[in-house]
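Colleague: I would like to learn how to read the main features of a model like this one. Could we go through them one at a time?

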Amino acid sequence: MLKDTYVVNFPQVLHFGCGSRRQAAAAADRLLAGQEVRLFLLASRRALASPAGQELLDGLGARVVGCKCGISSDPPLDEVEECIASLRAASANAVLCLGGGSVLDTGKAAAWLSQGSGSVQEYFAGSIPVPETTLPLLALPTTAGTGAEITPNAVLTDAAGGQKRSIRSGLMVPRVAICDPDFTFSLPRRITADSGLDALTQALESYISLGASEYSRGLAGRAVALLLQWLPLAWEDGANREARTRVAEGSMLGALAFSQSSLGAVHGLAHPLGHILHLAHGYTCAVLLPHILAWNLPACREAVQVLAESMGWSGAEELLQRVQALTQQLQVPGNFRAAGLTPAVFDYVVKNCRSGSMRSNPRPMSDDEVVTLLQKLS
Ligand SMILES: [Fe+2]
C-alpha cells in the first residue's frame with residue numbers, strides 16, 4: 001500500500017553530470033547572495049588531491065576561509081566537534097563538503113550543530129534541544145553510493161558509548177548538491193563495489209518500504225534498473241565513462257527516493273553489525289541484501305514483480321537471482337563467517353537494530369527472527 005500523503009524535502013538546487021563541479025563557485029555565490037562568501041571546506045584527502053579536486057579548489061579561490069582534510073570512516077562525535085571549532089574560528093558562513101559518506105555526514109552535522117551552544121555528545125544523546133537553524137551546505141559526493149548529498153540524516157559513531165546510529169533533521173538536507181561522476185573514475189574496485197551495492201540496497205529498500213509513495217517508488221525503480229545494468233560494467237572497467245555516469249545517476253535517484261520513503265531491515269541490521277564487526281557499511285549491506293530480499297518477498301511480491309517485468313525479466317525470483325549474482329560477481333561473500341560473526345554479538349545486534357529503517361521493512365522481523373537470520377549468517 002503506497003502512502004497517500006507525503007512531504008518532499010530535497011536540495012534546492014541539484015547539479016548532475018561530468019564537470020558539474022565547475023558550477024560550485026557560482027552556486028555558492030547564489031546561495032549567499034548579498035553576503036561575502038566564507039566557505040569552510042571539509043574534504044577527503046584523496047578527492048581534494050585529484051585533478052578534479054584541485055580544479056574545484058582553484059575555482060573557489062578566496063571563498064574558502066578554512067579547511068579540514070581527512071575524516072575517519074564511521075565518523076566519531078569528536079571529529080564533528082573539531083569541525084565546529086574550526087569553522088567557528090574561521091567565521092565561515094557556509095560549509096562545502098567534498099568526499100564520501102563520512103565526510104558529507106560530518107559536514108552536515110557540523111553545519112547544523114554549530115548553530116547551538118551545546119556539545120555534539122549532548123545533541124547525539126538527545127539530552128538538550130537541537131538547533132533550529134543551520135549554516136547552508138553544499139555537498140559534492142566523490143563515491144556513488146551513500147546518497148548523503150540528498151538525505152536529511154548523518155550516521156555518527158559514539159565511540160565511548162559503543163553506538164553507531166543516524167541523527168536526522170530536515171535542516172541537514174544540503175541546499176546545493178553537485179553530483180560530478182568525474183570524482184568516481186579513480187575509485188578502487190572495492191569502493192566501487194561497496195558504494196554501488198549500498199546504492200542498490202537503498203533503491204531496493206526504498207522501492208518496497210512501508211514509507212514508499214508513487215513519488216519515491218518511481219525514482220527507486222529507475223535507480224534499481226540503472227544500478228543493476230551499469231554497476232557490473234563500472235566495476236569491470238572503472239574508466240567506462242557511461243557506466244560511471246549511470247551508476248552515479250542511479251545512486252542519486254535512489255537517494256532522492258529513500259530520503260522520502262525510509263529504508264528497511266538491511267539498513268536496520270547493517271548499522272549494528274557493521275559497527276560490532278568493523279565492516280564497511282556498503283559491504284555489510286551487500287552481504288545482507290540477498291537474504292533479506294528473499295525474506296521480504298512474501299510481503300512485497302507484487303511490487304517486485306512489477307519492477308522485474310519493467311526490466312524485461314520473468315518475475316520477482318529472477319530479480320532476486322540477479323541481485324544474488326551481482327553480489328557474487330562483485331566478490332561479496334554470502335555470510336559474515338570470515339568477518340567473525342558469532343552468537344556472542346547477537347544480543348548487541350538485536351538491541352541496536354530497532355531503527356526507523358527496521359520499522360519501514362515490509363515484513364516485520366521479530367527478535368527471534370533476527371537471531372535466526374544471524375545464525376544463518378554466522
Ligand atoms: Fe546505505
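Predicted model: local features only at pLDDT ≥ 70, side-chain atom pairs only at ≥ 80, totals over all residues.

Colleague: How many bridges join β1 to strand β8?

Modeller: Two strands pair if DSSP finds at least two bridges between them, and strands themselves are DSSP runs of E with at least two residues, whereas helices are runs of H or I with at least four, numbered from the N terminus. Here 4 bridges join β1 to β8 (residues 176-179), and the two strands run parallel.

Colleague: What is the strand order of the open sheet?

Modeller: The sheet has 6 strands in the order β1-β8-β5-β4-β2-β3, with parallel pairing. Its edge strands, each pairing on one side only, are β1 (13-16) and β3 (64-69), and the twist averages 15° from one strand to the next.

Colleague: Which strands does helix α4 lie across?

Modeller: Angles run from 0 to 180 degrees between N-to-C directions, with axes fitted as lines to C-alpha atoms, for helices over the stretch in contact. Helix α4 (residues 77-89) lies across β2 (39-43), β3 and β4 (94-99), and runs at about 160° to β3. Helix α5 (residues 101-113) also packs on the sheet, where α5 touches β2, β4 and β5 (137-141), and the direction of α5 makes about 170° with that of β4.

Colleague: Where does the domain assignment place domain 1 and domain 2?

Modeller: Domain bounds come from an automatic or database domain assignment, which for the protein chain gives domain 1 as 13-182 and domain 2 as 187-377. The C-alpha centres of these domains lie 25 Å apart. Residues are in contact if their C-beta atoms, placed from the backbone, lie within 7 Å, and the contact takes 16 residues from domain 1 and 23 residues from domain 2. On the side of domain 1 that touches domain 2, the largest share, 3 residues, comes from strand β7 (residues 163-168).

Colleague: At what angle do helix α7 and helix α11 pack?

Modeller: Helix α7 (residues 189-208) and helix α11 (residues 281-310) pack at about 30°, with their axes 9 Å apart. Angles under 35 degrees count as roughly parallel, over 145 as roughly antiparallel, 65 to 115 as roughly perpendicular and the rest as oblique, and α7 and α11 are therefore roughly parallel to each other.

Note on methods: Residues numbered from 1 in each chain as written. Contact = placed C-beta atoms within 7 Å.
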